[in-house]
Amino acid sequence: MTVTFHIPEALRRHAGGDSTLEIECAPATAGDALEALFERCPALRDRVLDETGAVRPHVNVFVGDECVRFTGGLATPMRQAREIFVIPAVSGGACEPRPAPR
Amino acid sequence: MPARAATRTRRTPRRRSAGALLLVGTAKGAFVFRSAAARKDWQVTGPALKGDAVYAMAFDGRAGRRRILAGASSSHFGAVVRSSDDLGRHFDDPAEANVKFPAASGLALRQVWQLLPGGDDEPDVVWAGVDPACLFVSRDAGRTFLPVGGLLEHPHRPRWTPGFGGLCLHTILPHPTDRRRMLVAISAAGVYRTDDGGASWRASNQGIRAEFLPDRHPEFGQCVHKVVQHPARPERYFLQNHWGLYRSDDGGASWADVARGVPSDFGFAMAAHPDDPDTVYIVPIESDAFRCTPGGKLRVYRTSDAGRSWRPLARGLPQRGAYETVLRDALATDRLSPAGVYFGTRSGKLYASRDDGDSWRLVADGLPPILCVKAATLPA
């Protein structure tokens, strides 16, 4: 199947300048889908995930219109979803360092 | 005039320089100020790294380089060390994060707090201090970094606790002649020293108090804010604590209070004079609850007698309604003579002195909150 990835403006220079990428893959989970994205665009990995493999605290990943923070994280099943959105969270951008949301 | 003489610093002949650089890291990017060696007029480049918090900057003039290093933290996309070889006009953007904890540690980088090029005899070494507290080293001039295992796996780590700014390793002081020795400081864990090139580290906080713990003199856990050292007298250190101002004359083994004549012994910033090992600068802050300059007076304090006395430096600085904060890395001295002394405020003001701190001038206003100020001289 084809999964469409929506890339935020701040990361497009690491994705060939495109706002969307269509990748042929058969991901079972959101994490599988991101792996397909990182294979195409390796520089996105460290910007979306930290070195423990967790989604960065102020980046949100949506499967369809569901944020994976509330649906099982990277283990969220893709089911029939064909779209992944990577979107900077509104909680980012503060001047002060702040603890990661739990 | 004995009173005046007490404030004077020892001076060396004017050093030759093609110019002075001020590297200013802010909450929203980096600025580079450049001046001739006279340091009268400054031209600014920036902001670079727009939107990123830049807590650490350094100039690397070794091996023919003119490289600026910056610890840039995107609140969204993480922290990375970026470098510029054209004095701050353009920075590289590494595809892969170049400061990463090993997966087995379970730790994730939050912030790069300190960058320090190694000595001239190790021209590709760059040290990095980070949050969560750890020391990293680069052996390719800042392209990639690896953690120093002795601190990463330190048995005290589970009991280190973060301060308001995080659990940061913010001070890195290699011994100037013995590469096996180094002192680092962590907030809030305190001072740690190694004598074996980083394989093992011991807490070294004897005499430093921890106002916020039932035991005010624990082995570790102190909230040390900054430590400075003069290369000509490497066994002596000065330390600005979260309450407390200290000096060590035995390589950091023990610390004695030297807070005589300051309006508050709370503060963050501290800088050493380039020539005189007895001269140190600080900016006292009223308290941890009110982190502003006491009485609305913006004053740098200078000791010229190794902490036996401190005198305010106020000429050219606002003395009414100036409720400012100067963070731990936002005060710096250059290597010229007389010394340039510089500081930036959280309100975005950058001040400079080119006469050892005797008088000050506002260089820039309206910058984003200033997180670090580093001074460098370009080789003649």
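How many disulfides does a search of the whole structure find over all chains? The search comes back with 0, where a disulfide is a pair of cysteine sulfur atoms within 2.5 Å.

Before I go on, some housekeeping. This is a predicted model, so local features need pLDDT of at least 70 and side-chain atom pairs count only at pLDDT 80 or more, while totals for chains, interfaces and linings use all residues. Residues are numbered from 1 along each chain as its sequence is written, chains are lettered from A and ligands numbered from 1 in the order in which they are written, and side-chain values use heavy atoms, with hydrogens and water left out.

By buried I mean under 20% relative accessible area; exposed is over 50%, and partly exposed is in between, with a 1.4 Å probe and protein chains only. Then there's B:Cys223, whose closest cysteine sulfur is again in B:Cys168, at 7.7 Å, so that's too far for a bond as well. B:Cys223 counts as buried too, with 7% relative accessible area.

Now chain A. It has 2 helices and 5 strands, and along the sequence they come as β-β-α-α-β-β-β. Helices (H or I, at least four residues) and strands (E, at least two) are DSSP runs, numbered from the N terminus. Of its 102 residues, 44% count as buried. Contact here means heavy atoms within 4.5 Å. If you take the contacts in chain A between residues at least 6 apart in sequence, 49% of them join residues at least 24 apart.

Look at helix H1 of chain A, residues 30-40. Its buried residues are A:Ala30, A:Gly31, A:Ala33, A:Leu34, A:Ala36, A:Leu37 and A:Phe38. As a reminder, an α-helix has 3.6 residues a turn, so residues three or four places apart point the same way. And what do the buried residues of H1(A) pack against? They pack against strands S1 (2-6), S2 (20-24), S3 (59-63) and S5 (83-88) of chain A, plus helix H2 (45-48).

How do the two chains meet? On the chain A side 23 residues are in contact with 26 residues of chain B. Between them the chains bury about 2000 Å², 50% of it on carbon and sulfur atoms; buried area is the accessible area (1.4 Å probe) that two parts lose on being put together, summed over both. There are 3 salt bridges between chain A and chain B, a salt bridge being a side-chain nitrogen of Lys or Arg within 4 Å of a carboxyl oxygen of Asp or Glu. For instance, A:Asp46 and B:Lys100 meet through their side chains at 3.1 Å, N to O.

Over to chain B, where there's an open sheet of 3 strands, in the order S4-S5-S6, with antiparallel pairing. S4 (53-60) and S6 (78-84) are the edge strands, each pairing on one side only. Two strands pair if DSSP finds at least two bridges between them, and S5 (residues 67-74) is joined to S6(B) by 7.

Last topic: salt bridges in general. Over all chains the structure holds 30. One of them brings B:Arg179 and B:Asp121 together at 2.8 Å, N to O. That pair links distant parts of the chain, 58 residues apart: B:Arg179 is in the loop between S11 (168-174) and S12 (182-187) of chain B, and B:Asp121 in the loop between S7 (111-117) and S8 (126-131) of chain B. B:Arg179 is partly exposed at 36% relative accessibility, whereas B:Asp121 is exposed at 57%.

Another one is B:Arg236 with B:Asp249, closest N and O atoms 3.2 Å apart. B:Arg236 lies in strand S16 (residues 233-241) of chain B and B:Asp249 in the loop between S17 (245-248) and S18 (256-257) of chain B, so the pair ties together parts 13 residues apart in sequence. Here B:Arg236 is buried, at 6% relative accessibility, and B:Asp249 is partly exposed, at 41%.

And to finish, have a look at the network of salt bridges that links B:Arg209, B:Glu211, B:Arg216, B:Asp257 and B:Asp265.
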